[in-house]
Amino acid sequence: MRSLKELCSGLPLDPLPPPAVRDEGVAHAPIRTPALTPEEEQLALENSLRYFPPHLHSILAPEFAKELRLYGHVYMYRFRPEVEMRAYPIDYYPARSRQAAAIMHMIMNNLDPHVAQFPHELVTYGGNGQVFSNWAQFLLTMHYLSEMTEEQTLALYSGHPLGLFPSSPRAPRVVITNGMMVPNYSSREMYEKLFALGATMYGQMTAGSFCYIGPQGIVHGTTLTILNAARKHLHTDNLAGKVFVTSGLGGMSGAQAKAAVICGCVGVVAEASVSGEALEKRHSQGWLLEVTNNLDTLMARIRQARKENNATSIGYHGNVVDLWERLVEEYDRTGDLLVDMGSDQTSCHNPFMGGYYPVQLTYEESRCEMHEDPVRFKNLVQESLRRHVAAINRLADRGMFFWDYGNAFLLEASRAGAEVGRVDGLHGTRFRYPSYVQDIMGDIFSLGWVCTSGQQQDLEKTDEIAAAVLEDIMKGEVPDSTRQQYSDNVRWIKEAGAHNMVVGSQARILYSDQVGRCAIAAAFNKAIADGQLQGPVVISRDHHDVSGTDSPFRETANIYDGTAVCADMAVQNVIGDSFRGATWVAIHNGGGVGWGEVINGGFGLVLDGTQEAAERAKVMLIWDVSNGVARRCWAGNIKAKETICRTMEAESSLKVTLPNPVVDMTLLHRALEVDHF
């Protein structure tokens, strides 16, 4: 499989590719510990062999059994293709459908070694965010996409390509579900078992929907988060000399260093991996400016950068708990509070399988301990979390502002017994430190796009178009809060090219409301029709959006009518997007904050310059935003009510049920005090 044509020809069975030796020169996913019974191990092998004819089973069964025993999962390394994995220009793909070719472009970007965290295990980010469960699924999916017509839809069940089914040109080309469980079975233990069996997988958010665009996707959100945290809690727009401390330089968390520099502050990011693969990747990409493994050197450098108002990013190659505890020591010894803002982006949704490394062990020791003695490892992780939070609390008591970055850090810390002020009640679960969605960002709106031509000049042109669209909207009547969002985005889009954001596909992201999204999509489609762009543009968004995610510890943490734990919105979102024109849709269990904690959905839409694409974009984007705004309006969010009312004025076919608030709350008490029966 040395060409895209070979890659898309299906499973290579005659002859079989040679057995693969696992390449130890690349980062690999942690070894999983599913604790299968002998009968379950047999079922896992039986399930994996289903992809191959019986005459090959005697060859493949011992090989797959070895993978299962050594790594806790059958990845089918033998079938990992030799072709360079990257987002090729759309015209390179042997496909009958341009929409299908665009999806192939997106899939290969998610597995690009420059983008993916563990590409040989098909993990894009988050430690376990799978694109597929094994390489046979990848090859079959690419084959189906190459054969697909505009009257077929591919169904993907947790990575497994169920097949091509007759549909219609207006139907999605692909419908994806990942990890969808009968609720009582959505536990971590069950997940480990079912993933090992090849029965389900964790798609994270944008990994399993093929929409991840590298850490750039979160640079913008992190930039806005830091800026708005400073505005709200430090009461300033000028971050010169301010210090932001956090952890993680992986697929999503790697954005933090770049965002800190864009904001003009000092970003200090700890990364514990012993080989420093994540840290070195970000440093070589120019996303991280400085590196040290010495805490004395780091403290001196923080002081110098603060004094000189120097915007920089410093990667600390060590455990973040050591960093926080040293900052406490510095305060106790000198009275210097060396950190103004703090957060955490370890993959705490997956704390016991490589998402969080305890301070008591080295990285290498942790990698061994997590599968050799998982009970002891879990205890060490929880002890480390308690120390982690204790240090943060000391500094927060002295004036540092800390926020939860939606990675289940506070949730897991509370389960470990850390002092995070957890309060459970009718309005959901609250902690001492609020979620950044709840406290800083509010109802977020993200729009991303990928230029499938693969040409940098196309990306530069779309940047220019998007900035012009937003500036034009700002000339009209725009609420002050929305104007600030537009202004931040114009600044972002004009500066993005200078900050070397692109990793993988020629992609960009910004935040915009419904008006902005629809206008940008229309402008892109017109530019394609007019020949200003050399190829189609895929528009998408993070699942982490106003309508895409039901997550009581993050996106819906500010829903106070008792529905924070309900998942109607995400499910309705994906169903609605599918029949309004999305090219593909995906719905997942567990993205961002962990298996069983969230339901999230996303879409991809190919703009190809046709009038049909323009109509699809308008109708689908109105629903994709207004669904979540209407839900928040009904839950009592005043801003959401104002927004949906403005939208109804502009769109006569939109009719939303508005809530009637109880003005006299004492009425409720009086009604309940009287025995009416």
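Helix H21 (residues 611–634) bends by about 30° at Ser626, where the bend is the angle between axes fitted to the seven residues ending there and the seven starting there. Helices here are DSSP runs of H or I with at least four residues, numbered from the N terminus. This is a predicted model, in which local features need pLDDT of at least 70, side-chain atom pairs count only at pLDDT 80 or more, and totals for chains, interfaces and linings use all residues. Residues are numbered from 1 along each chain as its sequence is written, and side-chain values use heavy atoms, leaving out hydrogens and water.

Buried means under 20% relative accessible area, exposed means over 50%, and partly exposed is in between (1.4 Å probe, protein chains only). Just past the end of H21, Gly636 has a positive phi of about 110°.

Now for the charged pairs. Side chains of opposite charge can pair when their charged atoms come close. A salt bridge is counted when a side-chain nitrogen of Lys or Arg lies within 4 Å of a carboxyl oxygen of Asp or Glu, and the count comes to 36. One of them links Arg326 to Glu330 (2.9 Å, N to O). These two sit 4 residues apart in helix H11 (residues 320–334), about one turn of the helix, and both are buried. Asp530 pairs with Lys526, with the closest N and O atoms 2.7 Å apart; Lys526 is exposed at 51% relative accessible area, while Asp530 is partly exposed at 45%.
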